[in-house]
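Biologist: I'm new to this one. Can you walk me through it and tell me what each label rests on?

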Amino acid sequence: MKHYIIPVFIPHLGCLHECIFCNQRKITGRQTPVTAKQVSTIIAERLNDINETRWVEVAFYGGSFTALPQNIQNELLAPASRALRQGYIHAIRLSTRPDCINRDIITNLIQQGVTIVELGVQSLDNQVLSKAGRGHDCQAVIDAVRQVKEAGLQCGLQLMPGLPGEDWESLIKTVRQVIHLHPDFVRIYPTIVIADTALAKLYQQEDYRPLSLKQAVARAAYMKLLFERQGITVIRTGLQASEELNNEANIIAGPYHAAFGEIVDSYLFYIMMAGFLEQNLVPAERELLIRHHPQDCSKVRGQRNSNINRLKQSYNLVRIILSPDSSVKKGCLVLENQGQTVFYNKNMINYI
Ligand code: SF4
């Protein structure tokens, strides 16, 4: 069943710290805190828009939900809990800080019908967390994940490659620790410089240089590859495009792209195809046949045919034939060059 998320934005509600990269008002476009009455209206209006059978979730994003006093949490959750009991929605999820999780908080969330908790983790390198002004360390993340999972709730982690002080070594450390924690899912949001943040000031003083789009794609692809290999679902790569994010006044710098997730997937396909050619290209034969699942066509080609053009140039190919084939699994390829036929999936990518 297709998912349908009813987002309820609570910009900075409950936030105990001003994380240097964050300006939820710019990201969500919502300037004022939401009230319980507004939550009720948002849910009713969105439910009205759904005209097919869907798995519907109400999701509270953009603040530190569980840092709010319990009576406020319950007031905001009440319309969603009611809709859940009445069978109009199927789940409630919320995002919060790792240091705002404990047994009492979790017990209350379960009583209100919450089943999915997303933790804003960003990095598992204490130096990076400190530079980002997060106000918690790695241990807080480890404790929070353990408690959320032990309570039987689904646990998701939000990660931000490209924060100040992060390099490849730091990123690899984060990835390894996340794999060890084994959350149910992750979201990967490369750091962008949003207006009216401390990060924007650092950038303007030339004390911070964001990742280029190419660097961010490479880091996100590495993360996605390793998480998926360990059975950790990556439910999003790159911020969801929105009017606010497409407004140039809100994004000062950084690797924002409306199709970031698609570019990451294309990059992984490129590595598979280049890997095959490195090992199997017969010099006299300058033709490559690529069989792929029909739904992967644009990702195999890359944006504006970038993968195909780059392969032709790098390996001096005359012709590349793309052959959509529903017998090939999504995310996989069958590559043929002069009698060599090789099946490729992401597990065969040798990334670093
Ligand atoms: S990242 Fe999370 S905790 Fe930090 S300011 Fe933004 S919403 Fe608040």
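Modeller: The chain has domain 1 (3–258) and domain 2 (265–348), with bounds from an automatic or database domain assignment. Keep in mind that this is a predicted model, where local features need pLDDT of at least 70, side-chain atom pairs count only at pLDDT 80 or more, and totals for chains, interfaces and linings use all residues. Residues are numbered from 1 along each chain as its sequence is written, and side-chain values use heavy atoms, with hydrogens and water left out.

Biologist: How do you know that domain 1 and domain 2 are in contact?

Modeller: Contact means heavy atoms within 4.5 Å. Eight residues of domain 1 meet that rule with seven residues of domain 2. The domain centres, taken over C-alpha atoms, lie 35 Å apart.

Biologist: What makes Lys224 and Asp265 a salt bridge?

Modeller: The rule asks for a side-chain nitrogen of Lys or Arg within 4 Å of a carboxyl oxygen of Asp or Glu. Here the N to O distance is 2.8 Å, so the pair qualifies. Between the two domains the count is two salt bridges.

Biologist: Why is Cys100 called buried?

Modeller: Buried means under 20% relative accessible area, exposed over 50%, partly exposed in between (1.4 Å probe, protein chains only). Cys100 has 8%, so it counts as buried. Cys19, at 11%, is buried too.
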